[in-house]
Amino acid sequence: LSLLVCLGHHSVLVSCFSGTELASLKTDVFHDYDQTVRPAYNITPVIVGVEMFILDISELDTVEMEFKVDVFLRQFWEDDRLGWELEEYQVDKMVLGKEEEAMVWRPDTFFFQ
C-alpha cells in the first residue's frame, strides 16, 4: 500500500483502530524517512499533479501591465516510503498533522514571471 500525499487541510474519515496502533505506525513510517530525498530516488521520476485555481484578480494596472492574483495551489504525488502493509497495521488511512506534514518531502515548485 502506498500513501497518496495531498498537502492541504481536508477532513478525512478514518476507520476505527486504536490510538496506540496509529502511533506505532507513524513512528515506524517516519523512522528512516528522509525528507531531503525525493521518492523513488534513482528509480523513477516523481510525477507531481498540480491544480491551480484563481481566487481573485485585483490591482489591474494597464499602463504598467501589472496585476495581482490570488491562487490556490494543490500538489499531489505518491511516496511509497510512507506506505505500510494492511496486514501489519489495521489502519487504512493516516491523517498527517502539521508536525508530520513538515517531515514529508515536497516538490520544489516555483513560478517564472
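Reader: What pattern does the chain follow when read along the sequence?

Author: In this predicted model, the chain runs β-α-β-β-α along its sequence. That order comprises two helices and three strands.

Reader: What confidence does the predictor assign to the chain, and which residues have a pLDDT below 50?

Author: The mean pLDDT of the chain is 82, and 83% of its residues reach 70 or more. Residues 1-14 have a pLDDT below 50, although this stretch has 37 contacts in the model beyond near neighbours in sequence. Where pLDDT is low, the predicted coordinates should not be read in detail.

Reader: Why is D79 called buried?

Author: The term requires a relative accessible area under 20%. The value for D79 is 0%, and therefore D79 counts as buried. This residue lies in strand β3, which covers residues 66-79.

Reader: What makes the pairing of D79 with Y33 a polar contact?

Author: The criterion asks for a pair of N or O atoms within 3.5 Å, one able to donate a hydrogen and the other to accept it. The side chains of D79 and Y33 make such a contact at 2.6 Å, so the pair qualifies. The side chain of D79 is also joined to that of R81 by a polar contact of 3.0 Å.

Reader: Why is K93 called partly exposed?

Author: Partly exposed residues fall between the 20% limit for buried and the 50% limit for exposed. K93 has 41% relative accessibility and therefore counts as partly exposed. Its place is in the loop between β3 and α2, the latter spanning 98-101.

Reader: How far apart are K93 and L22 in sequence and in space?

Author: K93 and L22 are separated by 71 residues in sequence, and their C-alpha atoms are 9.5 Å apart. For the chain as a whole, among contacts between residues at least 6 apart in sequence, 72% join residues at least 24 apart.

Reader: Which residues touch the most other members of the largest nonpolar core?

Author: L25, F30 and V104 do so, in a core of 14 residues. Helix α1, residues 19-31, supplies the largest share of this core, with four residues. In soluble globular proteins, nonpolar side chains tend to be buried together.

Reader: How much of the chain counts as buried, and how much area does the chain expose?

Author: Of the 113 residues, 22% count as buried. The chain exposes about 8700 Å², of which carbon and sulfur atoms supply 56%.

Note on methods. Residues are numbered from 1 along each chain as its sequence is written. This is a predicted model: local features need pLDDT of at least 70, side-chain atom pairs count only at pLDDT 80 or more; totals for chains, interfaces and linings use all residues. Side-chain values use heavy atoms; hydrogens and water are left out. Buried means under 20% relative accessible area, exposed over 50%, partly exposed in between (1.4 Å probe, protein chains only). Contact means heavy atoms within 4.5 Å. Accessible areas come from the Shrake-Rupley method with a 1.4 Å probe; for residues, only the protein chains shown count as cover. pLDDT is the predictor's confidence in each residue, from 0 to 100. A nonpolar core is a set of buried Ala, Val, Leu, Ile, Met, Phe, Trp, Tyr and Cys residues joined through side-chain atoms within 4.5 Å.
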